[in-house]
Structures are given as structure tokens and as C-alpha cells.
Amino acid sequence: MSKQLIITVSREFGSGGHVIAEHIAEKFELPLYDHNLLREITDEKNISLDYIKRYDELPKNPWFSRTIRGYSNSPEENIANMQFEYLKKKADQGDSFVVVGRCAESILKNYDGLISFFVLADMEAKVKRIEKIHGISQSQAEALIKRNDKERKAYHNYYCTVKWGDSRNYDISINSSKLGISHTAEMLEQYIKARIEE
Amino acid sequence: MTAQIFAVLIFLGMFILIITEKFERHITTLGCGLLTLIVVFGICMHSVSAVMQTLNIQSIFTVDFWYQAGESTESSIGINWATIFFIVGMMVMVEGMAMAGFFRWLCMRIANLVHYKTVPIFITFMIMSAILAMFIDSITVILFLAAVTVELAQLLKFNPVPMILSEIFCANLGGSATMCGDPPNIIIGTSLGYSFGDFIFNTGLIAGISLIVVIVYFYVIFHKELSSQSDEKKSVADYPDPKKAITNKKGFIISCIIFFGAVILLVTHAYTGLTVAFIGLFIAAVTLLASFKNAVKIIKSIDYQTILFFIGLFVVVGGLEETGVLEVIATFIGKVSGGNIKLMIAIIIWVSAIASAFVDNIPFAATMIPIIKSLSVTQNTSLSVLAWALSMGTDIGGSATPIGASANVVGTSVAAREGYPISWGEYCKKVVPATVLVLIISMIVIFVRYF
């Protein structure tokens with residue numbers, strides 16, 4: 001195991017993947033990059049976050065996009081590439097960090113310090129969690145989960161050759177509804193420690 | 001009939017694949033071109049002559065291809081090699097200029113001349129965008145202008161989006177003014193035998209009037225957004241020095257000479273008899289000889305994909321032409337307009353504009369050329385008037401949406417990469433009125449001048 005530690009957490013909507021990533025970042029004292037990645041970029045480029053945050057982690061609309069000589073008009077695609085470049089730059093600098101989503105497991109797959117997770121959960125558990133967090137009905141929660149997962153899948157599969165959620169793409173794919181979110185996080189923490197000690 | 005059906009199916013398939021970007025667009029057109037040669041000409045028509053006519057290689061070995069002493073001739077069937085040669089030549093020249101730092105220097109020099117004041121930069125950059133796009137492909141113009149605009153916006157603390165949108169529109173407008181400004185015009189000019197002068201005195205006049213109107217329009221809608229958000233006073237030293245943009249002084253001077261030489265050759269080609277194919281090859285050769293050290297680098301940087309895209313496209317359109325499909329469409333337009341020429345012009349302008357706003361205007365223009373030729377014969381109408389209507393419709397219509405023309409895609413992409421994404425809504429809200437305005441001006445000028 002190299003000194004650099006890059007942990008990527010891909011997740012289904014409502015699976016608690018983000019909470020798990022927060023837990024790991026805290027335990028290993030690493031910066032966590034999620035939607036705040038855009039803030040890092042906007043601060044560095046001296047541009048407004050409001051301008052770009054609405055395009056974060058969204059799939060490109062193929063019917064309203066065109067690419068000429070590698071230039072695409074799609075705001076979603078440009079913002080995604082901006083984040084990928086930023087992550088690569090951080091990785092090239094030798095930084096250690098935790099990333100939630102953003103195709104990080106594929107974008108950073110060539111770095112030795114990469115440990116990648118995919119967190120999924122049973123639909124029932126995801127619905128209950130989303131109902132509670134957002135204060136919405138069961139059907140609304142279900143619709144929200146389906147819509148978000150559809151977008152995440154489309155986003156991921158456009159930029160990566162391997163499919164979103166395909167277990168061959170991650171070191172561990174885990175169902176958080178079996179052990180519960182906190183126990184899953186602890187288990188993954190143990191795995192990371194074992195990898196560091198390798 | 002079977003050949004016609006297959007020609008149409010291949011054409012529609014090509015359009016759908018271009019829109020969906022399933023494959024790179026040159027792969028799409030080349031694949032569909034090959035299908036046209038095999039299925040339409042080979043299996044359905046059993047015609048070797050149709051293949052030869054569409055490949056059109058024999059045209060390169062005629063004197064007329066390089067030098068035309070008298071009136072230019074029409075040659076719209078098959079691969080338009082004159083367009084290909086010219087585009088390659090311009091690509092080589094532009095690459096040489098870019099390497100020497102010409103475009104960045106020009107942008108910075110103009111910003112410097114107006115003392116880095118936002119509104120004067122806004123107006124001069126619109127004019128510069130239009131003038132440069134008259135001679136250079138709009139992608140290159142916008143690539144440099146948009147990048148410098150973002151740089152200046154960060155320095156002077158203003159929102160670059162209004163300026164980039166105006167530059168994009170003016171690049172498309174400038175491109176419509178000349179034969180070499182926009183790919184549809186190059187194809188129209190070389191296919192129908194029009195000169196640089198023919199375009200300047202017809203579409204150029206419309207573009208000139210329109211430019212004045214759109215500068216006023218963009219100023220009215222954008223001047224508030226352009227005010228600097230910073231009260232910080234800057235000294236001369238804070239601004240970039242235009243001279244620093246020049247990477248190679250000798251190369252810079254040579255590229256300037258070649259550029260002005262190319263402009264002179266283009267402006268005078270109707271008098272000298274030199275064709276655009278000759279001019280393209282000549283400026284490419286001179287650029288490569290003058291930049292001998294960088295010749296390989298320049299050749300490697302040629303956008304071969306665009307060249308292959310054109311070749312495949314011409315073959316597919318050749319399939320429609322050889323099978324008589326385009327004549328059927330022309331007859332239909334003639335019937336719809338009931339022989340009313342003004343209505344026919346209006347249909348050509350607005351249909352071309354609407355189609356070009358959503359699909360690539362190059363295949364659209366290439367398809368429409370044989371149609372307007374046929375219309376001119378069957379309806380006894382002046383071909384040139386139809387050509388100007390088609391040119392303005394495709395060139396200006398392409399401005400309306402972020403995907404209508406190459407300049408729009410590249411300009412919005414440069415803005416987004418620097419953190420200023422432009423949504424469809426934002427783009428169309430500001431640019432569609434300008435597009436409609438110019439289309440109305442085009443229609444009025446054509447009606448008043450030619451009828």
C-alpha cells in the first residue's frame with residue numbers, strides 16, 4: 001500500500017453512502033469531496049458557485065448537446081470534466097482524500113492508493129430513510145430514489161467504460177441495509193486499515 | 001424507386017447518427033457514404049458511372065479546377081473537392097497564425113487600444129469577430145476570442161457570458177458575408193460557381209446592415225450586465241501586454257503576410273481566375289514552406305475529422321442527387337409556393353434557418369444546393385437569389401441555439417470550461433431575437449433588391 005490514500009464511495013440514493021464516506025473521512029482525517037468539490041473549484045478559479053452548482057453530477061442531455069473538436073456545449077459535461085480534472089490534479093499532487101460519487105473510481109483507477117466502494121441498499125430500507133430525511137410520502141420517496149439513481153447511472157455510464165454499480169469496478173460492493181449504515185461504515189474502516197497495513 | 005428509398009434511408013440514418021453522436025461524425029458520414037456507394041449505386045443502380053461521378057476525382061485533374069478564365073461553372077454533383085482543398089489550406093494557414101500568437105495578440109491589442117474599458121471591448125470584439133470570421137473559420141475565431149474574453153472578464157471583473165454570446169452571433173454573421181466565411185457558403189460558392197465578390201455584394205451587404213442592428217440590439221440588452229463589479233483601480237502594469245502574446249516574432253510577421261496575401265487572393269479571385277482550390281493549396285504550401293521547422297506539427301494539427309466528414313457527406317448527398325430524390329423535394333417546394341417566388345424565398349430562408357438551428361447546417365446546405373438548382377430551372381427563378389436566401393437562412397439560423405453552428409458549441413464550451421456554463425434557456429432568450437431580426441432584415445433586403 002502506498003502512502004497516498006484515495007477512497008471513493010459510489011452509492012445508490014438513500015443507501016447511506018454519503019454518511020459512510022463522512023465516517024471514513026473523519027476516522028482517517030481526510031478531506032471529503034462531494035458537492036463541496038465545486039466550491040473548491042470556484043474558489044480556486046474565482047468564479048461564482050451559484051452559476052455552476054445546478055449542473056453537478058447530472059447526465060448530459062444527448063438531444064441538446066453537440067461536440068465539435070472535443071468542445072461540448074453541454075454545461076453538465078463541462079462541469080463534470082472540471083471536477084475530474086480537479087480530482088486528478090489533487091491525486092497527482094499526492095493528496096489523500098475521500099470522494100463521494102463523481103466517477104472517481106474510474107477517473108482515479110490508475111493511482112495505487114485507490115480504494116473503491118459501492119454502497120447499495122434494499123429498496124425498503126432506502127425508502128424508509130428518504131421518507132424520514134425529506135419528510136415525504138412513501139411513493140414520493142420511491143420516485144425520488146428512482147429518479148436520482150437513473151440520473152447517477154446515466155451520468156456515470158456516459159463518462160466511464162464500466163457500468164455504474166458493476167461489482168467488478170469496485171474493491172467492495174456492499175448492501176448497507178444488512179448491517180446498518182454505521183456497522184457498514186465500521187466494516188469498511190477495518191478493510192481500509194487492512195489495506196494500509198498491507 | 002428502390003435506389004431512392006435506400007438513398008433516403010441512408011441520409012436519414014446519417015442525420016440521426018450525427019445528432020445522437022453515437023459515433024464520431026466523420027465515421028458516421030464516411031460509413032453512410034460507403035453504404036451509398038455499395039447499396040444505392042452498386043446493388044440498386046448497378047451504375048459505375050454514378051460512383052465515378054459522385055467520387056468526382058476526375059475533376060481535380062481538369063484545368064478548370066485550378067484556373068477558370070471565364071465564367072465559373074456549376075458542379076454540385078458528388079464530392080466537392082474544391083471545398084475540401086480550400087478548407088485544408090485555410091486550416092494550415094490558421095494553425096500557422098495561431099502558433100505565432102496572432103489571434104491572442106490581436107484580441108489583446110484591441111483591448112489595449114480601447115484602454116481595457118468593458119463596453120468598448122464589447123463593441124470592438126463583436127466587430128472583430130465578424131471581420132475575422134469573414135476570412136477565417138468561425139471555430140478558430142471564437143476559440144481565441146472567448147478565451148481572451150474570459151481572461152479579461154476575470155481581470156476587469158465583469159460577466160463574460162453576454163460578450164461571448166455576442167461574439168458567437170457576430171462570428172456567424174461575419175461568416176455569412178463572404179464565400180469563405182462559413183462552410184455552407186464555401187459549398188454554395190464552389191458548387192454554384194459564385195465568387196468572393198458575388199457574396200460580398202449580396203450576402204455581405206445584408207450582413208453589414210445586420211451587424212449594425214445587432215450591435216445596437218446586444219448593447220441594449222447587455223449593457224447593464226457588462227458593468228464592472230469591481231471598483232478597484234488598475235494601473236497599466238496590471239493589464240496584459242499584447243506583445244507577450246507573440247510567441248515567435250518572425251513567424252508572426254510571416255503569418256500576417258500570408259493572411260493578407262490570402263485575403264487579396266480571395267477578394268480578387270474572380271479577376272485572376274484562380275479558383276478557391278488553387279488558393280487553398282497555395283496558402284497551405286506557402287505556410288508550410290515559411291514555417292518549415294513546424295511543418296510536421298502544423299500538418300498533424302489539421303482537423304482531418306472535419307475533412308473526412310465533408311467527404312462522406314458529399315457522397316451521401318450525391319446519392320440523393322443521383323437518384324432524383326432532391327428533384328422531388330424541389331418540385332414539392334415549387335408546388336407549395338404555387339409559383340410565388342417571394343413565398344419560395346421566404347420558405348427557403350425560414351426552413352433553412354429553423355433546420356440549421358437544430359441540425360448541423362453543413363449537411364443541410366449541401367442537401368439544399370441541388371434543390372435550389374432544380375427549383376431555379378423548374379420555376380424559372382434566378383438561382384443567385386435562391387442561393388443568397390439559402391446562405392443567410394443556414395448561416396444565421398445556425399446562431400439560434402447552442403448547437404446550431406460550430407462557433408456556438410465551441411464558444412459555450414470555452415465559457416463552461418472556465419466556470420461560466422450557458423444553459424439553453426439563457427442562450428436562446430438572448431440570441432433567438434437577434435436571429436429573427438437578421439432573418440427579417442435578410443428577407444426585406446432580398447425582396448427590395450431583387451424584385
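Why does B:I164 count as buried?

1. B:I164 gets that label because its relative accessibility is 0% (buried is under 20% relative accessible area, exposed over 50%, partly exposed in between, with a 1.4 Å probe and protein chains only). Keep in mind that this is a predicted model, where local features need pLDDT of at least 70, side-chain atom pairs count only at pLDDT 80 or more, and totals for chains, interfaces and linings use all residues. Residues are numbered from 1 along each chain as written, chains are lettered from A and ligands numbered from 1 in the order written, and side-chain values use heavy atoms, with hydrogens and water left out.

2. On to the surroundings. B:I164 sits in helix α9 of chain B, residues 160–177 (helices are DSSP runs of H or I, at least four residues, and strands of E, at least two, numbered from the N terminus). Beyond its neighbours within four places in sequence, B:I164 touches B:A146, B:T149, B:V150, B:G411 and B:A415 (contact means heavy atoms within 4.5 Å). For B:T149, 15 residues away along the chain, the C-alpha separation from B:I164 is 7.1 Å.

3. Zooming out, chain B has 22 helices and 0 strands. Its radius of gyration is 22 Å, close to the 22 Å from the globule rule for 451 residues, so chain B is as compact as a globular protein of that length (taken over C-alpha atoms; the rule is 2.2 Å times the number of residues to the power 0.38). Along the principal axes, the C-alpha atoms fill a box of roughly 75 × 50 × 45 Å.

4. Of the 451 residues in chain B, 59% are buried. Among contacts between residues at least 6 apart in sequence, 80% join residues at least 24 apart.
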